[in-house]
Amino acid sequence: MHSACDQSALAIRPHTSELAARWREIGAWRDITLAQALATAAWQHTGARAIFHSASRPAVTTVGEMHRRGLALASALQRIGVRQGDCVALQVPTWIEGAWLLHAAAALGCTIVPLVHILGPAEVSYILRAAGARIFVTPDRWRNIDYLERLSKLDHIPTLERVIVIGEHGPRDAVLWKDLLAAAGGEVQPSAARADDLAVLLYTSGTTSAPKGVEHSSQTLLAEMHTLQQARAEPQAVTLGPWPAGHIAGLMTILHCALDGAPTIFMDQWDANDAAALIERHAIRSMSATPYHLTSLLDAAATLGHDIGTLYDCLVGATTVPPQLVARCQALGLATYRSYGSTEHPTVTTGHPADPLNARLSTDGRCTLGNEVRIVDDDGQDVLPGRDGEVVTRGPELFIGYRDTQTNRQAFLPGGWFLTGDVGQLDPTGQLTITDRKKDIIIRGGENISSRAVEDILLKHPAIADVAAVAMADKALGER
């Protein structure tokens, strides 16, 4: 039986018709699908380069070629039965194959489910089942990870019909990537997907051990890209992408290249020495990073003598940003600034390279186009400027809801305001500063680690009677 990705979670939406009209008026909502936007951009920016820096699968391509290969892949996926509405999950490093899959899934009107490469069989099994995934794409091996061994430990997933393996070997019933590509080519049946349909489903750890499924439509994803294009100092600057493909920032970097035509160098694993050399070699101007990325990059450049002076625009976030790191960058002529967002609401506020140093040192910037922030107390009432409270947000790129509709009921205030669980304050000029968080998570190098998940694992040991996991400050990773 053909099993389409369940879209029942779309019944609860934070976007009212009044808000939608406002976002259309400012150009943030354009009522086009991701497939339409990618096709238009492939024509507009056909020659923009994308370089995938990898020890195992290096590749150089262009935006136009990525789109053409994606459409060819879409035809091959159609031949094995993939249809509009199917959930296509992929646990693929930042490789060119992942970019092709993004184009292919969008063309078919599928929901793409990116998974961070470090997730093990238990987490992957949960996500595949919760998403209702019909297709799962994975490498055979990468670095020291044996994905085939992990594949053998997955639970039974009732909806899963095809496993596609990138590599030379796979389970007997798997489709090998090379065989799939051999069948690529031909016409792709047009999709009837709409801009408001579910396009991407990302899973993020929160206050419990079960990851939460965050649903984005073409509308919200393209609004995020429009927002960032308006906010960037140089929208088509040569960019470095250090993020894993399964992370929201990794997805946004791929879309920035594909939609804005920004020449981009992608890294499938972070190596500060390689990053410094790439910046020097390609005259990279822009990147986003965690404090860990940035600190190790500066250290490597100083140690090895790489000239990273072309790097000008560096957004740093995903965890607490030490003011001394911003000051260190300032001394080197690198205009580092902070930003605030989440998987649910990717870029709520941001600074800018031209902002005064004090704002870049101590705040997370102002709201981007169409976005709004309130600071509320435990009763949902606004607090005075300069006072701490929970940060609530709304805007055109705010997600359309959680996979679990019960979670939605606890996530929003009336009027479409999203309860972030983070604590912050607004100053009289509208600058947001995040000061704490309610969520019981540990943010290590920009990745959320559920305290509860760590505790549950430790409690399985027979010598442990009770346990509590808390965050500990770490100079390199932010927390451990």
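Ala-283 lies in the loop between helix 10 (272-282) and strand 14 (286-289); helices (H or I, at least four residues) and strands (E, at least two) are DSSP runs numbered from the N terminus. The model is a predicted one, in which local features need pLDDT of at least 70 and side-chain atom pairs count only at pLDDT 80 or more, while totals for chains, interfaces and linings use all residues. Residues are numbered from 1 along each chain as its sequence is written, and side-chain values use heavy atoms, with hydrogens and water left out.

Most residues other than glycine have a negative phi. Ala-283, although not a glycine, has a positive phi of about 50°. With a relative accessibility of 36%, Ala-283 counts as partly exposed (buried means under 20% relative accessible area, exposed over 50%, partly exposed in between, with a 1.4 Å probe and protein chains only). A positive phi, near 50°, is also found at Arg-143, which is placed in the loop between strand 6 (141-142) and strand 7 (145-146).

The axes of helix 2 (residues 34-44) and helix 4 (residues 96-108) come within 8 Å and cross at roughly 125°. Axes are lines fitted to C-alpha atoms, for helices over the stretch in contact, and angles run from 0 to 180 degrees between N-to-C directions. Helix 2 and helix 4 are therefore oblique to each other (angles under 35 degrees count as roughly parallel, over 145 as roughly antiparallel, 65 to 115 as roughly perpendicular and the rest as oblique). On the helix 2 side, Leu-34, Ala-35 and Leu-38 meet Leu-102, His-103, Ala-106 and Ala-107 of helix 4, contact meaning heavy atoms within 4.5 Å.

The largest nonpolar core has 57 residues, of which Leu-77, Val-137, Ile-164, Trp-177, Leu-180 and Leu-251 touch the most other members. A nonpolar core is a set of buried Ala, Val, Leu, Ile, Met, Phe, Trp, Tyr and Cys residues joined through side-chain atoms within 4.5 Å. Helix 4 gives the most to this core, with ten residues. Apart from its neighbours within four places in sequence, Val-137 is in contact with Ala-89, Leu-90, Gln-91, Val-92, Leu-101, Ile-164, Ile-166 and Trp-177. A second, separate core of 28 residues includes Leu-240, Leu-297, Ala-300 and Val-316.

Gly-478 is placed in strand 28 (residues 478-479) and, at 28% relative accessibility, counts as partly exposed. Beyond its neighbours within four places in sequence, Gly-478 is in contact with Ile-443, Met-472 and Ala-473. The C-alpha atoms of Gly-478 and Ala-463, 15 residues apart along the chain, are separated by 30 Å.
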